[in-house]
Amino acid sequence: MDFRRIEIIFLIVFFSLDIWLLFSLKNGQQIVSSSNTTTSTVADMRKRDISFGKLDSKSGTAYYLGSRPSSTLANNVSHLRNQEVQYDSEDHKLDSSLSNPISITKSNQKEKLNDFLKKESNVLFGTKYKYAPQLSTTSQIVYAQTDQVGELYDKSGRVTFDVENKRVVGYTQTYVDDLMILHEKEATKSEKDVISSLYTNSEIPNNSKITYANLAYAKLTEAKGSTIYIPVWFVTIQNKDSKVNSLKKVNAFTGNIIKSSTTAATTGDEDSD
Amino acid sequence: MKFSRLIVQILLVIAVITSIVLSFYIWTNTARYQAGRNIDVTTTDTDKNKIPIDQVISPTQVIWQDGNDQRLIYNNEENISMSIQKVMKDWKIGEPKQVFKKDGAKYQRMIQQSNAIQLVYPTAISVKTLGYLLDSSNLRRSKDYSFDRIIFTLENKKDEYIYLANDSDYAVYRAKVKDASSEPILKLARKTNIDLKVRLNLLKHGVFTFYTEPIKMRTYSYVMSGKKDSEYTTALFDSNSDDLVTSQNENIYTYNYGETKRLISDHNKGELTFYDYTDTSVPKDKLSFFQRGYNKAVNLQNSVSNLRLYNADWDSKELTYREYVEGFPIFKKSQFGSIRIKFSRNGTTEYFLNKVLEVPVPSNQSATTLKSTTSILKGLEKAGYSPNDIQDIQVGYQRESEADNEDVIDLTPTYYIKIDDHWKTYNDWTNETAEEE
């Protein structure tokens, strides 16, 4: 009889041990699944009426780049035709007024300007520039210099077309001659990381749309007469009601948000709206 | 009556077996169980920005014997040693077994063999540590041998081993490798743009990398960045600042947190020392030694991508980290590198420099050509130091502050020689220049 009681007590003890073991095993697995925080951020954003396309979660690599001011534009001015040109040797900037302004519409502006850039006598090294919708406004269409390593969203390498009454009347050009790789490549934050971090830092308001997210090089600092560029995520956020755009910038190496007060220092001008 | 007793007995047996199975499952899966916890910790934003452990504990030299000569290779657009390690993560490496020990002649043949790549660590690490870095359970289970070179042959299909070699006792271990191909590694090796002829020579104090011809080295400039003392106290004292007692003696600031923690910051030298009298446990195995050192180092300087483990002294439980530029260490006048961490039963001590390299800047100095290592040794002999006195010889970068702008420094290459436990430049030992004239 006593032996039977012992058996029952053992049964209860082992049964509760099993339950505890099962529980702790399950707990361990829950810890694994709870690590997926970025997915929940994405779901949370959708709930708050923030719309966006598919976010790339793959992180890439990028460099620290450096350049020195060059007078390449000044040396090649003689190649240009049908325009009046002024060269600012301090800022290494070329200002041009076109003899025959180009009429454009919203729909054909990109195509027309791409054609215009193809000819060396229109714009020097024109094929090295690419349309940058995030930097453009209604009165200025910006083309950013592109290199094998990527695009340069900085005032030291761009063509800015001036638009007056739906006509392109002239342009301002700067050019970076020789982009040097200063350090071996380093990992950059993915698009998904950056957007999640912008959201958790309350930089993306409700009821808005992420229209562009683009990784480009932007100026970090100047030292010893050279300009240093780092990869920066440019994220354009549009308010769904007012259709007003705002441009956010995130350092792609560190993931730190570059605050708007430092906008001018980073892209070289005020192009955030 | 009997029947119900049988049921109780059967249930008891089932319950006992289930508990055994469950305990077995939990115990054998501790790695995964803990990995889950680790993932949870590493997803926080601050951790994501930390330099990963396999970048800090990483080989700094890649030496390629291509059939003709042995060359030190580097690519200044891509860290090839990191890329090779990434390739190795997919290899299935078996348990290493000792091939030989204390045989200098055999050792020399091993490290000079043709058609081989070797990854050289600045200091010896251990098999279990490599297992942790490459996420290989076989290596983590293996005996914890020390080694500082990983060697594998490239065009020998019969040789299905990787070799781990230890300079300090001329021991070589080998481990069988499956699912490995040399093609991606050769591809990386061919992409290099720094390529220096070397010869690995055995001298009294160990294996030295000899540059057989004069070497042309780039100079670099960097913007330096430092932190305020308050940023260190927040990171190190992890408690509210009300209990912090500050005292100042000229330009030396001392911060005390009770009797347990103290930070001394020398503003003249830009050097700091942190004492933690609460951390009195000494690491019991090498893996935890390296892990704890790494955690402490990144807590001091979390985003320094150039930081590498430079020296590990298991006997005195001391770790030294230095910043590296393209495979070469940076020396400052201070002896301890960038960070030095010492564990002891009386507490841990951390010595570190405030300023670290932050942003590379195009250098306006031209490349420097250094003499070959053989002529450096001749010069040292002329100055009265025999090759047997030399404990170590390395090409490294010297940190020079620019007078007009202290935040930008120039890094110039030179030979560093360790004699009587002191690192000095060739110029300091001999009063002669290390540059080729």
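In this predicted model, A:Lys119 is found in the loop that runs between helix 4 and strand 6 of chain A.

**Loops of chain A**

- A:Asp49 is another residue other than glycine with a positive phi, near 65 degrees, and it lies in the loop between helix 2 (37-47) and strand 1 (50-51) of chain A.
- A:Asp49 is exposed, because the number of other C-beta atoms within 10 Å is 12, and a residue with 12 or fewer is counted as exposed.

**Make-up of chain A**

- Chain A holds six helices and 16 strands, and of its 273 residues, 30% are buried.
- When contacts in chain A between residues at least 6 apart in sequence are considered, 58% of them join residues that are at least 24 apart.

**Domains of chain A**

- The domain assignment divides chain A into domain 1, made of residues 40-63 together with 180-267, and domain 2, made of residues 69-173.
- The C-alpha centres of domain 1 of chain A and domain 2 of chain A are 25 Å apart, and the contact between them takes 14 residues from domain 1 of chain A and eleven residues from domain 2 of chain A.
- On the side of domain 1 of chain A that touches domain 2 of chain A, the elements that give two or more residues are strand 13 (208-223) and strand 14 (226-239) of chain A, and strand 13 of chain A gives the most, with seven residues.
- Sorted by class, that side of domain 1 of chain A has nine nonpolar residues, four polar residues and one charged residue.

**Domains of chain B**

- In chain B the domain assignment gives domain 1 as residues 53-199 and domain 2 as residues 213-437, and the C-alpha centres of these two domains of chain B lie 26 Å apart.
- The contact between them joins 20 residues of domain 1 of chain B with 17 residues of domain 2 of chain B.
- At least two residues each of the side of domain 1 of chain B that touches domain 2 of chain B are supplied by helix 4 (53-56), strand 5 (116-126), helix 7 (127-134) and strand 9 (194-203) of chain B, and the largest share, five residues, comes from strand 5 of chain B.
- By class, this side of domain 1 of chain B is made up of ten nonpolar, seven polar and three charged residues.

**A hairpin in chain B**

- Strand 18 (residues 318-325) and strand 19 (residues 328-331) of chain B pair in the antiparallel sense over two bridges, and they form a hairpin with two residues between them, where B:Glu326 in the turn has a positive phi of about 45 degrees.
- B:Pro329, which is found in strand 19 of chain B, is the bridge partner of B:Tyr324.
- B:Pro329 is buried, with 21 other C-beta atoms within 10 Å, because the count for a buried residue is 20 or more.
- Apart from its neighbours within four places in sequence, B:Pro329 is in contact with B:Tyr310, B:Arg322, B:Tyr324, B:Gln394 and B:Gly396.
- From B:Pro329 to B:Thr192 the distance is 19 Å in space, C-alpha to C-alpha, although the two are 137 residues apart in sequence.

**A helix in chain B**

- Helix 12 (residues 373-382) of chain B has among its residues B:Thr373, B:Ile376, B:Leu377 and B:Leu380, which are buried.
- Seen down the axis of helix 12 of chain B, the buried residues fall within an arc of 100 degrees, and therefore they line one face of the helix.
- After helix 12 of chain B comes B:Gly384, whose phi is positive, near 105 degrees.

Methods. Residues numbered from 1 in each chain as written. Chains lettered and ligands numbered in written order. Predicted model: local features only at pLDDT ≥ 70, side-chain atom pairs only at ≥ 80, totals over all residues. Domains from an automatic or database assignment. Contact = placed C-beta atoms within 7 Å. Helix = DSSP H or I, 4+ residues; strand = E, 2+ residues; numbered from the N terminus. Nonpolar A, V, L, I, M, F, W, Y, C, P; charged D, E, K, R; others polar. Pairing = 2+ DSSP bridges. Arc of directions from axis to C-beta.
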